[in-house]
Amino acid sequence: MARGADKAELGRILAGAMAARARGDAREASALLARARKEQPEHPDVLHVGAILAHEAGRGAEARRLVDRALALRPGDARLLKSRGLICAASGHAAEAIAAFRAVLARQPADAALARNLAALLRQSGDAPGAIEALRALPPEAQDFETRFELADLLREAGDAASAVPLLERASIDRPGD
């Protein structure tokens, strides 16, 4: 493969790295990433996979640098912003994670798992009203059991049992027996 491999070949290499990661084969994932870096070291997808692998290996600062470089090349990319948020949250940079998650939710407002991550960070940061708003902003069709339960818990803690009860009732319909 010549330097500057075509997009399809680069995609296959990175997909192989992510498949190796999913199998728990860090050595193979790293080898494939090294191959991709040799070909296109500044490609946003190469940087992104590098950030994911660095994050999972406990190298948070490196992961943040890599995802930030990828974002500089592809500003506003929701996948990159989501990864940045997860990396920042895991490394104790809550404010940066919150900003990244909010940017993603502005583009993908129905991402319930991400809204719950945002709400958890806001709650931990002492912003319970912000956490409530993050969950209420989800479209109704995106509100699942976990979201309703978390929102009900936040509302109950805020002293709004009247709003919490219907959410808990709906959650119990979603998951009878839980």
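Me: Are H2 and H3 roughly parallel or roughly antiparallel to each other?

Reply: Two packed helices are described by the angle between their axes and the distance between the axes. In this predicted model, helix H2 (residues 26-39) packs against H3 at an angle of about 150°, and the axes are 10 Å apart. Angles over 145 degrees count as roughly antiparallel, and H2 and H3 are therefore roughly antiparallel to each other. Their crossing is left-handed.

Me: Which residues make the contact between H2 and H3?

Reply: On the H2 side, the contact is made by Ala29, Ser30, Leu33, Ala36 and Arg37. H3 contributes Val46, Val49, Gly50 and Leu53.

Me: How do H1 and H3 pack, in angle and in distance between their axes?

Reply: Helix H1 (residues 7-23) and H3 pack at about 15°, with axes 10 Å apart. That angle makes H1 roughly parallel to H3, and the crossing of this pair is left-handed. From H1, the residues Leu10, Leu14, Ala17, Met18 and Arg21 meet Asp45, Val46, Val49, Ile52, Leu53 and Glu56 in H3.

Me: Which residues touch the most other members of the largest nonpolar core?

Reply: A core is read by its members, by the contacts among them and by the elements that supply them. The largest nonpolar core has 37 residues, and Leu118, Leu122, Leu135, Leu151 and Leu155 touch the most other members. The elements that give two or more residues to this core are helix H3 (44-56), helix H4 (60-73), helix H5 (78-90), helix H6 (94-107), helix H7 (112-124), helix H8 (128-136), helix H9 (145-157) and helix H10 (161-174). H7 gives the most, with seven residues. There is also a second, separate core of twelve residues, including Leu14, Ala20, Ala29 and Val46.

Me: What does Leu151 touch, not counting residues up to four places away in sequence?

Reply: Leu151 touches Ile132, Leu135, Arg136 and Leu167.

Me: At what angle do the axes of H7 and H9 cross?

Reply: The axes of H7 and H9 cross at roughly 25° and come within 10 Å. H7 and H9 are therefore roughly parallel to each other, and H7 passes H9 in a left-handed crossing. Ala112, Arg116 and Arg123 in H7 meet Glu146, Thr147, Glu150, Asp153, Leu154 and Glu157 in H9.

Me: Is Thr147 buried or exposed?

Reply: Burial is read from relative accessible area, and the cut-off for buried is under 20%. Thr147 has 1% relative accessibility and so counts as buried. This residue lies in helix H9, and a polar contact of 2.9 Å joins its side chain to that of Arg116. Leaving aside neighbours within four places in sequence, Thr147 is in contact with Ala112, Arg116, Leu135 and Leu138.

Me: How is Glu146 classed, by its relative accessible area?

Reply: Glu146, also in helix H9, is partly exposed, with a relative accessible area of 34%. Beyond residues up to four places away in sequence, Glu146 touches Arg116 and Arg175. The C-alpha atoms of Glu146 and Asp174 are 9.8 Å apart, although 28 residues separate the two along the chain.

Me: What are the surroundings of Glu28?

Reply: Glu28 lies in helix H2 and counts as partly exposed at 35% relative accessibility. Not counting residues up to four places away in sequence, Glu28 touches Ala20 and Arg23. The C-alpha atoms of Glu28 and Ala17, eleven residues apart along the chain, are separated by 6.8 Å.

Methods: Residues are numbered from 1 along each chain as its sequence is written. This is a predicted model: local features need pLDDT of at least 70, side-chain atom pairs count only at pLDDT 80 or more; totals for chains, interfaces and linings use all residues. Side-chain values use heavy atoms; hydrogens and water are left out. A nonpolar core is a set of buried Ala, Val, Leu, Ile, Met, Phe, Trp, Tyr and Cys residues joined through side-chain atoms within 4.5 Å. Buried means under 20% relative accessible area, exposed over 50%, partly exposed in between (1.4 Å probe, protein chains only). Helices (H or I, at least four residues) and strands (E, at least two) are DSSP runs, numbered from the N terminus. Contact means heavy atoms within 4.5 Å. A polar contact is a pair of N or O atoms within 3.5 Å; within protein, one must be able to donate a hydrogen and the other to accept it, and residues adjacent in sequence count only if both atoms are side-chain atoms. Axes are lines fitted to C-alpha atoms, for helices over the stretch in contact, and angles run from 0 to 180 degrees between N-to-C directions. Angles under 35 degrees count as roughly parallel, over 145 as roughly antiparallel, 65 to 115 as roughly perpendicular and the rest as oblique. A crossing is left-handed if the near helix is turned anticlockwise from the far one by less than a right angle, and right-handed if clockwise.
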